[in-house]
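Subject: Structure handover and findings

Hello,

Please find the structure below. My notes on it follow.

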Amino acid sequence: MGHPSVADAAAKGRPSQTELADERAADVWPLIENMLDQGHSLRAIARQLNRMEVPTPTKRRNPDLGKNTEWYASSVNNYIKRMKETNQ
């Protein structure tokens, strides 16, 4: 359903958005990987990323966003999953 050109645009845009998300994940991955190697929990990693003021995925996509964003254990877990998928 919908206009065919919208579906075509979505199909073309999806790979480029995935590539950008992979690049953002790769930037933060060394920090997360280091903390994982030290035995930190996902929650502890999220707290440390917040203390270090590492921008969240939402903030990195839209730096002008006025709202306060925070890291959560679930967002750290999503980064770990993404990096495992891209490094297979």
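Contact here means heavy atoms within 4.5 Å. By that criterion, among contacts in the protein chain between residues at least 6 apart in sequence, 55% join residues at least 24 apart.

This is a predicted model: local features need pLDDT of at least 70 and side-chain atom pairs count only at pLDDT 80 or more, while totals for chains, interfaces and linings use all residues. Residues are numbered from 1 along each chain as its sequence is written, and side-chain values use heavy atoms, with hydrogens and water left out.

Overall layout. The protein chain has four helices and zero strands, in the order α-α-α-α from the N terminus. Helices (H or I, at least four residues) and strands (E, at least two) are DSSP runs, numbered from the N terminus.

Core. The largest nonpolar core has 13 residues. Such a core is a set of buried Ala, Val, Leu, Ile, Met, Phe, Trp, Tyr and Cys residues joined through side-chain atoms within 4.5 Å. V28, I32, I45, L49, W71 and V76 have the most contacts inside the largest one. Helix 1 (4-37), helix 2 and helix 4 (73-86) each give two or more residues to this core.

Helix 2 spans residues 42-51, and its buried residues include A44, I45, A46 and L49. Leaving out residues up to four places away in sequence, I45 touches I32, M35, L36, H40 and V76. Just after helix 2, E53 takes a positive phi of about 60 degrees.

M35. This residue lies in helix 1 and is buried, with a relative accessible area of 8%. Beyond its neighbours within four places in sequence, M35 is in contact with H40, I45, Q48 and L49. M35 and Q48 are 13 residues apart in sequence and 9.1 Å apart C-alpha to C-alpha.

Aromatics. One aromatic pair turns up in the whole structure. The ring centres of W71 and Y79 are 5.2 Å apart and their planes are at 70 degrees, so the pair is edge-to-face. Rings of Phe, Tyr and Trp (its six-membered ring) pair if their centres lie within 6.5 Å; planes under 30 degrees apart count as stacked, over 60 as edge-to-face and the rest as tilted. Both W71 and Y79 are buried.

Regards

Notes
Buried means under 20% relative accessible area, exposed over 50%, partly exposed in between (1.4 Å probe, protein chains only).
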